[in-house]
Amino acid sequence: MAELPGPFLCGALLGFLCLSGLAVEVKVPTEPLSTPLGKTAELTCTYSTSILYFTNGHLYPTGSKSKRVSLLQNPPTVGVATLKLTDVHPSDTGTYLCQVNNPPDFYTNGLGLINLTVLVPPSNPLCSQSGQTSVGGSTALRCSSSEGAPKPVYNWVRLGTFPTPSPGSMVQDEVSGQLILTNLSLTSSGTYRCVATNQMGSASCELTLSVTEPSQGRVAGALIGVLLGVLLLSVAAFCLVRFQKERGKKPKETYGGSDLREDAIAPGISEHTCMRADSSKGFLERPSSASTVTTTKSKLPMVV
């Protein structure tokens, strides 16, 4: 008995030898075999022949299963070559070949195939969510177990009391573990549980869905816009104040020696003379001062 693709030849290990000309017939169950995790699996194999020769009365198992295999009947001299595989592992799942060699009995192939499945309960699934969770949007809830044999089926349920969803708004795939929710509303919010199940047991995970109003997103955008506008106005006001301060610090304008002024006194003309000229036009005459001296000899044109 062996797992394919490396045939385990019962005849080679057991030393079956046929001394008559009758054919060897091997029978195995037609239905697949299932065994729970950690239990003992019996892979039934029967055969019929005229004479059986058993070599040294020993079984010589090989490979990684050598410490967990034995014959149900040892020696297999009454037509029973059933192999026992104890403490089965998930890696033991596969197709096994039972072959009986009883030379010179070559009228039939003397072999049979057995499919073994090691049953494993589902591991704790992982729940996840993707999509738009605002009112009117759609979202997908996903659930998956990394272990489980046979492959688990998935079922989503919503916890608590809630209104009946509209037809077509919930689509569930039990094979992939996906639940699609469309046309979301505020009543779609809640806790959802995914249950992974096979014939060995079940496991579950939960996910909380929160549906929001689309207006909340618009309000948040408007608030951000207002804050940016206030920030720009603050920067502009700061720059204006600083510009005014820098302008106030500039020095006052001064006149150069070559600049003409309307109130300047021409060279050679005393301040006393100018005051008398002004008084002749109706202005008050400024009294003369003892310190006023006119000593200019050159005659310069008066600037009017």
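## Working through the disulfides

A disulfide (a pair of cysteine sulfur atoms within 2.5 Å) joins Cys-127 to Cys-205, with S to S at 1.8 Å. Before we start: this is a predicted model, where local features need pLDDT of at least 70, side-chain atom pairs count only at pLDDT 80 or more, and totals for chains, interfaces and linings use all residues. Residues are numbered from 1 along each chain as its sequence is written, and side-chain values use heavy atoms, with hydrogens and water left out.

**Exercise 1.** Which parts of the chain does the pair Cys-45 and Cys-98 tie together?

*Solution.* 
- Take the bond itself: the sulfur atoms of Cys-45 and Cys-98 are 2.1 Å apart and form a disulfide.
- At -70 degrees about the S-S bond, the Cys-45 and Cys-98 link is left-handed.
- Then locate the ends: Cys-45 lies in the loop between strand 4 (41-43) and strand 5 (46-48), while Cys-98 is in strand 8 (residues 94-99), so the pair ties together parts that are 53 residues apart in sequence.
- As for accessibility, Cys-45 is buried at 0%, and Cys-98 is buried at 0% as well.

**Exercise 2.** Is the link of Cys-143 and Cys-194 left-handed or right-handed?

*Solution.* 
- The S to S distance for Cys-143 and Cys-194 is 2.1 Å, and a disulfide joins them.
- The angle about their S-S bond is -85 degrees, giving a left-handed link.
- Cys-143 belongs to strand 11 (residues 139-144) and Cys-194 to strand 15 (residues 190-198); the pair links distant parts of the chain, 51 residues apart.
- Both Cys-143 and Cys-194 are buried.

**Exercise 3.** How many disulfides does the structure hold, and what pattern do they follow?

*Solution.* 
- The structure holds 3 disulfides.
- Counting bonded cysteines along the chain, the pattern is 1-2, 3-6, 4-5.
- One more cysteine to look at: Cys-239 has a relative accessible area of 43%, so Cys-239 is partly exposed.

Notes. Helix = DSSP H or I, 4+ residues; strand = E, 2+ residues; numbered from the N terminus. Buried < 20%, exposed > 50% of the residue type's maximum accessible area, 1.4 Å probe, protein only.
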